[in-house]
Amino acid sequence: MSDILIVDDERDIRELISDILEDEGYATRLAGNSDECMAHLNTEAPSLMILDIWLKDSRMDGIDILKTVKRDNPDIPVVIISGHGNIEIAVAAIKQGAYDFIEKPFNIDQLLVVIRRAMETSRLRRENQQLRRRDTQSAEMVGNSASFRSMMGQLDKVTKSNGRVMLNGPSGSGKEVAARYIHAESNRADGPFVCVSCASIEADRMEEVLFGRESADRGIEPGLLEEAHGGVIYFDEVADMPMGTQSKILRVLVDQQFLRVGGSDKVRVDLRVISSTSRDLEAEIAAGTFRQELYHRLNVVPIDVPSLADRREDIPVLAQYFIDALHKTQGLPMRVLSDEAAALMQTMVWPGNVRQLRNVIERILILGDGTGEIEAREVPAEDEKPSEDGRVVLSGALATLPLREAREAFEREYLLTQINRFGGNISKTAQFVGMERSALHRKLKSLGVVTSSKAGARVARVEDDDDEA
């Protein structure tokens, strides 16, 4: 949308206007009838139109074209020109949405003044729309762990391309933040970021939501695909997209155009597509609930977003980030985590991942009893809680074991938790638990605990038969 479309049935007039505008630094396109005009509009919308009212040998006159433009592309300013001008025509054109009306023969200086004002008005309108639709959610990525750095290395590689990205990871791990980061660092950062929550949109409304609709009584109602034009559309949990919609989205990816529901004119869009899933899409394909062709179109660059369990080192810095953010946005107390609270959080199970951690931090700040350090006792406990006198309450399974087996089970789980907390770093684990490194290695071997690489980091797990083989 960077040039001016000149529509006039008189070749000399349209070429004269084009020469004048090009001397002023504008790019132009020319059309001699309504068919040529509509072909230009369907290819790419111009920044401004100069439109003659009377078009010989055309299916549509200038007023008809004006109505169509204002229906489908309301942001394009249209300057009407006519050699048969009178006040009635001028009023009719302005009522239909024309920016201004100029009679032939026109004064060149007057024409340039009108065009400059129209272009400036159009620019300001687009900027205001971008500011209104720009999402305020954060695209900031926070972390220092090996798995986080590995993910960031992949994200940084795809930001400057236009390739489709598939983000894989458990619910709450931060896939949408990763998608927003790609958008914010890309050459589409000034364009919109539109999120499509495939799981929350009713199946029978999905196509209207995505493609928009046309009706005689309500006119044009743009969908999310049109809103994302020039930017990024993000399909969150794409596995929940209805099968019927999947085939139509596949066609959009191929053609970059679509029909609105109830419409007959194709709408062209320029989009970058990012998708995410917490499910195994290949298993969904085998089950017949996801189209293989769509999977291959979307899965051009797959990137794994690690769970919080795979980046326990990041829990203290993430927690402090959320404390700072909640203080700024909600006025909650500005506090810091104590070492004991941070250590406790690093040993906890987080099925809701980063989203759950944020919710826990918000709960602590709302229900907390001070502005000092957040202590371990303020952290909501999991299943097993210390009793009021400080004793640890055993789980039923552990309490039924003989002492030796119970001790081994406890040591195994305790050391697994600590090693994963320190990102597989045996030296830090040994220092924290108070053992010599060599003694810790012997203990791990006796308990069947090994470390291996996962998502770019070292993680601990119990040795299985395959490791022995």
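Reply: Helices (H or I, at least four residues) and strands (E, at least two) are DSSP runs, numbered from the N terminus. This is a predicted model, where local features need pLDDT of at least 70, side-chain atom pairs count only at pLDDT 80 or more, and totals for chains, interfaces and linings use all residues. Residues are numbered from 1 along each chain as its sequence is written, and side-chain values use heavy atoms, with hydrogens and water left out.

Me: In which helix is Phe 410 found?
Reply: Phe 410 sits in helix 17 (residues 403–421).

Me: Which strands stand at the edges of the open sheet of five strands?
Reply: The strand order is 2-1-3-4-5, with parallel pairing; two strands pair if DSSP finds at least two bridges between them. An edge strand has a single partner, so one side is left without a neighbour in the sheet. That describes strand 2 (28–31) and strand 5 (100–103).

Me: What is the bridge partner of Leu 51 in strand 4?
Reply: Strand 3 (residues 48–52) and strand 4 (residues 78–82) pair in the parallel sense over four bridges. In strand 4, Leu 51 is partnered by Ile 80.

Me: What angle does the direction of helix 3 make with that of strand 3?
Reply: Helix 3 (residues 62–72) packs on the sheet, touching strand 3 and strand 4; contact means heavy atoms within 4.5 Å. Axes are lines fitted to C-alpha atoms, for helices over the stretch in contact, and angles run from 0 to 180 degrees between N-to-C directions. The angle is about 160°.

Me: How far apart are the closest N and O atoms of Lys 104 and Asp 52?
Reply: A salt bridge puts a side-chain nitrogen of Lys or Arg within 4 Å of a carboxyl oxygen of Asp or Glu. Lys 104 and Asp 52 form one, with the closest N and O atoms at 3.4 Å.

Me: Is Asp 52 buried or exposed?
Reply: Buried means under 20% relative accessible area, exposed over 50%, partly exposed in between (1.4 Å probe, protein chains only). Asp 52 has 3% relative accessibility, so Asp 52 counts as buried.
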